[in-house]
Amino acid sequence: MRPLRNPAVQSALAWILAQWMRFCFATIRWTHENQAAAEQVWAQGGGVLCVFWHSRIGLSPSCWPLRRAQPAKALISLSADGEFIAKAVARQGFPAVRGSSANKDKADRAKGGSQALRDGLKQLKVGALAITPDGPRGPANVMAEGTTLLAKLSGAPVLLIGMSCHPAIRLDSWDRAVLPLPFGKGAIVWDRVDYPAEAEPAAVVADWTARLNAVEARADALTGLGV
């Protein structure tokens with residue numbers, strides 16, 4: 001058995017990771033850009049879809065102030081790695097909706113896609129749902145149509161979020177995941193979008209992909225994080 005598939009090991013590592021992230025987030029000097037867009041969504045309450053690339057999932061709790069914003073859940077895959085991530089983010093106040101919309105052809109039989117879609121839409125009636133549109137296995141920075149489908153069906157506003165920190169650990173993974181280090185610079189950049197009426201899904205995916213890339217690139221520029 002791989003160690004990460006052992007529930008006891010998962011729980012212990014998830015606790016360690018959650019504590020490390022809290023420490024890093026507390027010591028990082030944060031810059032926020034266009035946060036007014038997020039503040040407006042937080043003030044109005046209700047559903048909101050929070051979208052960021054999979055590489056920044058380790059920074060994601062930093063962008064959502066639970067005392068001011070809507071209660072949030074995270075859409076996380078049913079894989080063993082997803083179970084570990086789900087436990088880590090749950091310890092920081094973000095319960096998981098399990099499943100994946102990354103591969104629409106295999107979602108029903110392999111990843112719980114239909115149930116995740118139903119549970120995601122249920123969450124979007126009352127609060128925030130965080131999603132990585134290129135997860136769980138990529139390709140990196142390629143948005144699945146499931147993201148725009150959730151926005152269209154729910155009618156919820158969408159926050160595209162770019163997050164960065166420097167210095168940081170870059171993992172040798174398919175997405176080159178970023179993990180925070182303490183006492184550095186951090187940046188969170190926001191962009192608010194809504195699903196346009198009568199729009200073709202492919203056009204929305206292309207537009208939102210470009211805008212999500214833009215906010216992430218801007219966050220990286222603010223911190224000095226290299227590619």
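Q: What is the mean pLDDT of the protein?
A: This is a predicted model. Its mean pLDDT is 88. Of its residues, 88% reach 70 or more.

Q: Where is the pLDDT below 50?
A: Over residues 102-111. In the model, that stretch has 16 contacts beyond near neighbours in sequence.

Q: OK, packing. How many residues are in the largest nonpolar core?
A: The count is 30. W64, L159, I161 and W190 have the most contacts inside this core.

Q: Which helices and strands each supply at least two residues of this core?
A: Helix 1 (7-27), helix 2 (35-44) and helix 3 (80-90) do. So do strand 2 (48-51), strand 3 (72-76), strand 5 (128-131), strand 6 (158-170) and strand 7 (178-193).

Q: And which strand gives the most to it?
A: Strand 6, with 4 residues.

Q: What does W64 touch, not counting residues up to four places away in sequence?
A: Its contacts are W42, V48, C50, A69, Q70, A72, F94, A128, L159 and W190. L159 and W190 are also among the residues with the most contacts inside the core.

Q: How many residues are in the second core?
A: The second core is separate and has 25 residues. Among them are L49, W53, V204 and W208.

Q: Switching to loops. Where does S55 lie?
A: In the loop between strand 2 and strand 3.

Q: Buried or exposed, and why?
A: S55 counts as buried because its relative accessibility is 4%, and the cut-off for buried is under 20%. Leaving out residues up to four places away in sequence, S55 touches D175, R176, A177, V178 and E216.

Q: Let's follow A177. Which loop is A177 in?
A: The loop between strand 6 and strand 7. A177 counts as buried too, at 11% relative accessibility.

Q: What does A177 touch, sequence neighbours up to four places away aside?
A: S55, I169, R170 and L171. As for L59, its C-alpha is separated from that of A177 by 9.7 Å. Those two residues are 118 apart along the chain.

Q: Last topic, the surface. Which residues form a nonpolar patch there?
A: L13, W15 and I16. Together they have about 300 Å² of accessible area.

Q: Where is I16 found?
A: In helix 1. I16 is partly exposed, with a relative accessible area of 48%.

Note on methods:
Residues are numbered from 1 along each chain as its sequence is written. This is a predicted model: local features need pLDDT of at least 70, side-chain atom pairs count only at pLDDT 80 or more; totals for chains, interfaces and linings use all residues. Side-chain values use heavy atoms; hydrogens and water are left out. pLDDT is the predictor's confidence in each residue, from 0 to 100. Contact means heavy atoms within 4.5 Å. A nonpolar core is a set of buried Ala, Val, Leu, Ile, Met, Phe, Trp, Tyr and Cys residues joined through side-chain atoms within 4.5 Å. Buried means under 20% relative accessible area, exposed over 50%, partly exposed in between (1.4 Å probe, protein chains only). Patches are made of residues with over 30% relative accessible area and no salt bridge: like charges are joined within 9 Å, nonpolar side chains (Val, Leu, Ile, Met, Phe, Trp, Tyr) within 5 Å. Accessible areas come from the Shrake-Rupley method with a 1.4 Å probe; for residues, only the protein chains shown count as cover. A salt bridge is a side-chain nitrogen of Lys or Arg within 4 Å of a carboxyl oxygen of Asp or Glu.
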